[in-house]
Amino acid sequence: MNNLPYGILRAFLTPFLMVLFRPKVKGLRHVPGSGPVIIASNHLSFSDSIFMPLVVPRKVTFLAKSEYFTSPGPKGLLKKLTFIALGQVPVDRSGGRRSEAALITGLKVLAEGKCLGIYPEGTRSPDGRLYKGRTGIARLAIESGAPIIPVAMFNTEKIQPTGTVVPKVMRVEMIFGEPMYFEGDSTDLLHLRDVTDQIMQTIQALSGQEYVDTYATKAKKSTEDDEG
């Protein structure tokens, strides 16, 4: 049933956004037309989850914070319907065993031959730079055998900065890289880190962003502490 609101939203938004934001897309041919695949993108804005799936010819499923689906009242219901329409499924991503639940959900999506969208940084970049990737993506790639398609998004942080509701009209760009395949021991933490770093290096090469060898969540907290 989740395909119905996704299809309706896509049919409604695609012509409008294509004309207004004129997406410039390179390398879309690298996305396989069927079978399990992981699309791994840098993350600059909420609108990444709108623009990128609209140009991919198959449904992209994202793992979203569970609280997006449980907010009370009419506003909460609208948010829930919006995230369902965007092809997102709820998971608890707050850490520990809950992160394991997110991985299990992601593996289930891939086992069904679907396209899974992931932001390896775990959250939006606080300053436009590219941050250290979380190793969950390496586990997903190794345990599922699915190829990873690295993606670089451009200008979305200018189109819709954090906290902004109404987007600024300007051209959005994205580059899809060649498939990456990984094997090995998914319980080897050093191997998982190496695989994740390879993915982030490829995204950095596509995006041209400055790379920061720390987690984006840590950088955000540091900024908040400085402001406090």
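**Elements shown in the views.** Helices (H or I, at least four residues) and strands (E, at least two residues) are DSSP runs, numbered from the N terminus. The model is predicted, so local features need pLDDT of at least 70 and side-chain atom pairs count only at pLDDT 80 or more, whereas totals for chains, interfaces and linings use all residues. Residues are numbered from 1 along each chain as its sequence is written, and side-chain values use heavy atoms, with hydrogens and water left out.

View 1. Strand S2 comprises residues 37–41. Because five of its five residues are buried, S2 is largely enclosed by the rest of the structure. Here, buried means under 20% relative accessible area, exposed means over 50%, and partly exposed lies in between (1.4 Å probe, protein chains only). In a regular strand the side chains alternate between the two faces of the sheet. In S2, Val-37, Ile-39 and Ser-41 are buried on one side, and Ile-38 and Ala-40 are buried on the other. Both faces of S2 are therefore covered.

**View 2. The two strand partners of S2.** Two strands pair if DSSP finds at least two bridges between them. Strand S5 (residues 115–118) is joined to S2 by four bridges, and these two strands run parallel.

**View 3. Strand S7 beside strand S8.** Six of the seven residues of S7 are buried, and the strand is mostly covered. S7 is joined to strand S8 by four bridges, and S7 and S8 run antiparallel.

View 4. Asn-155 is found in the loop between S7 and helix H6 (156–159). With a relative accessibility of 18%, Asn-155 counts as buried. Most residues other than glycine have a negative phi. Asn-155, although not a glycine, has a positive phi of about 75°.

**View 5. Arg-22 between helix H1 and strand S1.** The loop between helix H1 (3–21) and strand S1 (24–26) contains Arg-22. This residue is partly exposed, with a relative accessible area of 45%. Arg-22 is not a glycine, yet its phi is positive, at about 45°.

**View 6. Helix H5 and the glycine that follows.** Helix H5 spans residues 136–144. Its buried residues include Ile-137, Ala-138 and Leu-140, together with Ala-141 and Ile-142. Gly-145 follows H5 and has a positive phi, near 75°.

View 7. Phe-16, Leu-20 and Val-169 make a nonpolar surface patch of about 260 Å². Val-169 is located in the loop between H6 and strand S8 (173–176). Patch residues have over 30% relative accessible area and no salt bridge, and nonpolar side chains (Val, Leu, Ile, Met, Phe, Trp, Tyr) are joined within 5 Å. Areas come from the Shrake-Rupley method with a 1.4 Å probe, and a salt bridge is a side-chain nitrogen of Lys or Arg within 4 Å of a carboxyl oxygen of Asp or Glu.

Technical notes. Patch = residues over 30% accessible without salt bridge, like charges linked within 9 Å, V, L, I, M, F, W, Y side chains within 5 Å.
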